[in-house]
Amino acid sequence: MIAQLTLPLEKAKHQFKTRRTSLMAIFLFLILHWYLSLFGQTFFLHRYSAHKMFTMNPFWERFFYIFAWVTQGSSYLNARAYAILHRMHHAYSDTEKDPHTPHFFKDAYHMMLHTRQIYNDVLNKRVVVEEKFDRNFPVYPVIDKIADSWYTRLAFAALYIAFYVIFATHWWMFLFLPIHFFIGPIQGAIVNWAGHKYGYRNFDCPDKSKNTLFIDFLLLGELFQNNHHQAGSKVNFAAKWWEIDPAYPIIFLLDKIRVIKLVR
Ligand SMILES: [Zn+2]
Ligand SMILES: [Zn+2]
């Protein structure tokens with residue numbers, strides 16, 4: 001009788017343990033993917049490609065080019081197009097010429113559709129870009145060609161699905177998959193929408209930029225839009241002593257170990 005009772009109990013315990021482990025694996029993958037792709041975006045695309053806040057030698061430039069690609073995977077963004085759109089965003093912030101201001105759209109989705117259109121036009125050279133925006137960014141044509149192909153994007157999507165097929169133990173876990181597929185646009189939508197709409201202002205700059213959080217643990221400093229628009233070349237996006245830009249200590253360290261050289 002006791003043996004009969006112990007068996008289902010052991011089975012339940014085992015099931016609980018397996019489910020907990022798989023949940024941890026899924027969350028760990030999601031968190032790692034979120035922060036690594038975000039770092040590729042804020043460190044390489046934003047602070048390096050668009051703003052040239054630091055320099056690095058050709059080896060590290062290629063290394064981080066590939067890093068940004070692999071971590072963004074299915075939602076890879078081209079460095080030239082990113083840099084051009086972002087420079088336009090600073091020059092024409094919150095006006096009609098801004099590629100992503102929340103002030104002309106009813107929601108973040110429609111704003112991002114508009115941004116995607118401009119991005120594709122710039123990427124495929126269908127529009128004339130002002131010369132001052134169209135220079136001084138990293139180029140790696142072989143990687144662009146591979147990364148931008150639909151085969152590659154779908155291969156990354158297949159890898160995310162494979163991870164979930166192996167580790168997910170319940171159907172609802174698969175609901176996280178779209179975050180992996182569209183990780184870049186999701187992060188971009190949050191930053192571009194919230195960062196120019198919600199929060200407080202330290203500086204009275206001419207645009208509508210805001211600082212959304214005191215400690216920007218979610219978007220690695222990208223939500224300090226008001227501080228960043230006030231001082232576009234300052235590598236630390238925090239301005240007050242009580243603000244924390246989590247990407248800055250990493251960039252500071254990379255400078256100390258001479259992977260990059262901060263422009264001072
Ligand atoms: Zn902005
Ligand atoms: Zn910027």
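Reader: Is the crossing where helix 4 passes helix 8 left-handed or right-handed?
Author: This is a predicted model, where local features need pLDDT of at least 70 and side-chain atom pairs 80 or more, while totals for chains, interfaces and linings use all residues. Residues count from 1 along each chain as written, with chains lettered from A and ligands numbered from 1 in written order. Left-handed would need the near helix turned anticlockwise from the far one by less than a right angle, and clockwise is the other hand. Here, helix 4 passes helix 8 in a crossing that is right-handed.

Reader: At roughly what angle do the axes of helix 4 and helix 8 cross?
Author: The axes (lines fitted to C-alpha atoms over the stretch in contact, with angles from 0 to 180 degrees between N-to-C directions) come within 10 Å. Helix 4 and helix 8 are therefore roughly perpendicular (65 to 115 degrees) to each other. Helix 4 spans residues 108-123, helix 8 spans residues 183-194, and the crossing is at roughly 110°.

Reader: Which residues of helix 8 make the contact?
Author: Contact takes C-beta atoms, placed from the backbone, within 7 Å. Helix 4 brings Ala108, Met111 and Met112, and helix 8 brings Pro185, Gly188, Ala189, Asn192 and Trp193.

Reader: How many charged residues does the contact of helix 4 with helix 8 have?
Author: Charged covers Asp, Glu, Lys and Arg. The contact has six nonpolar residues and two polar, and the number of charged residues is none.

Reader: What share of contacts with a separation of 6 or more is between residues 24 or more positions apart?
Author: The C-alpha atoms fill a box of roughly 80 × 45 × 45 Å along the principal axes. In this protein, the share from residues 24 or more positions apart is 65%.

Key:
Contact = placed C-beta atoms within 7 Å. Helix = DSSP H or I, 4+ residues; strand = E, 2+ residues; numbered from the N terminus. Parallel < 35°, antiparallel > 145°, perpendicular 65-115°, else oblique.
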